[in-house]
Amino acid sequence: METTSLSSAVDAEFAPGTTYLNTSTCGLLPRRTVAAVRALAEAIGSGSRADSGDFEAVEAARSGFARLSGVDADRVAVGSSVSVHVGLVAAALPPGAEVLAPEGEFSSVVSPFAVRGDLRMRYAPLDRLADAVGPDTALVALSSVQSSNGRIADLKAVRAAAGAHGARTLLDTTQSAGWLPLDAGEYDYTVTGGFKFLLCPRGASFLTVTEEAQRTLLPLFAGMYAAADPWNSTYGPVGQLSGTARRYDEPPAFLSYHGAEQSLALLNEVGVDAVHTHATGLAARMRAGLAGLGHEAVPGESAIVAVPGLGDREPELARAGVVVSNRAGSLRAAFHLYNTQADVDRALDVLAG
C-alpha cells in the first residue's frame, strides 16, 4: 500500500484559513474530497450522467473504513448517521433487556434505547463502567472517547466485564476513528460518524457487526441496496439479502460517499499510528501550556483537550480566529493531522490575554 508522510499529505490536501481546533465538531475536508464531491454534483447538475453516483465509490469507502478499523469489508455496513445504526441495534433487543451506558454519554448512543420505553436503562460513571456490568446486562453501549471531555474509556476492562457476564458491546468510535487505533472486531457492534476525524462529508457513517451478532440483528431498513443482487431486486420484496453486513446498508448518499472514498484513502495512506503520534503530541503540548496559565485540563492522553469551566472563552477565541467549541461548560480543542505546534501556541496566546 502506498504510504504518504503526514507533512506532505497536509501540504497537498489542506490550507486552513483559521486556527482550526474543532475536529470534534466537524473535520476539515481534504482537497481531493472537495474535488470528488464537486465533480459529482456538477455532473448531476448538468445532466451528463444518468444516475446519482457510483457504487464503486461506496465500496471503496467501505473497504477504506474496514482497513482503518481492522476488519474485513464484509463486516461493514454503510449508512448516514450513528443514531440510525444504534436504532437498528436497539430494535433487536428483547423487551426488558438491560442496557448499560456511561453517565453523560452522547445522545445518539443512548436515545435509541431510551425511547423504546420497554428497555431497562442503567448508567454508571465512565471510570466505573466495567464494575457496573452485571449478570442482567444485555448490552454495554459507550463511546471510546467521550464527546464532552475527550476522556478515553478503559475499553479492555469493559470488554472483559461484558464477556464475563455474556453481555454484548456497542462502541461509538466517532470521536476516535482516524486518530486512535481500533480493532472493531473486538466489539459486537461499532458505529462511526464519518464527518469528524475521518474527514468525510456528513452523511457517511459506518456500522460493523461480528458474524455472531449478525445472527440476531434484523435488517429492518432493507431495500434493494441490501439485496444479494441489488439490480434484480428493484421491485417487490427483496428475495435474497446480502450474505454480509451489507444487508444492513442504508441507501447511500452518493455525494457523501464519493467524498468519503477520498478521505479514507488519505487516512490509510498516512496511517492511524502516525496521526495518533502527531495529534496526541499536540494535545500534550496544549495541556502543558494550559497548566502554565493556571488552567487544569481533563487529564489523559487523548487528542481532545477539554478544560472545565472555560467554555465561555470560546467566543473570544473565535474572534481571534481560533476555532474551538464549548461543550457542557468546557472549552474543547481537538487536534488532527492538519494541526501544528503554531496552532497550539496561538490558542494559548489568546487565552493568556
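Arg313 is buried (under 20% relative accessible area, with exposed over 50% and partly exposed in between; 1.4 Å probe, protein chains only), at a relative accessible area of 18%. Its partner Glu316 is partly exposed, at 26%, and the two side chains meet in a salt bridge of 2.6 Å, N to O. A salt bridge here is a side-chain nitrogen of Lys or Arg within 4 Å of a carboxyl oxygen of Asp or Glu.

The model is predicted: local features need pLDDT of at least 70, side-chain atom pairs count only at pLDDT 80 or more, and totals for chains, interfaces and linings use all residues. Residues are numbered from 1 along each chain as its sequence is written, and side-chain values use heavy atoms, with hydrogens and water left out.

The structure holds 15 salt bridges, including those tabulated here.

| Pair | Closest N to O distance |
|---|---|
| Asp249 and Arg62 | 2.7 Å |

Asp249 and Arg62 are both buried. Glu98 is buried at 7% relative accessible area, whereas Arg122 is partly exposed at 30%. Salt bridges with shared partners also join Glu13, Arg32 and Glu269 into one network.

As for the whole chain, buried residues make up 53% of its 353 residues. Residues 24 or more positions apart account for 66% of the contacts with a separation of 6 or more, a contact being heavy atoms within 4.5 Å. Along its principal axes, the C-alpha trace spans about 65 × 55 × 35 Å.
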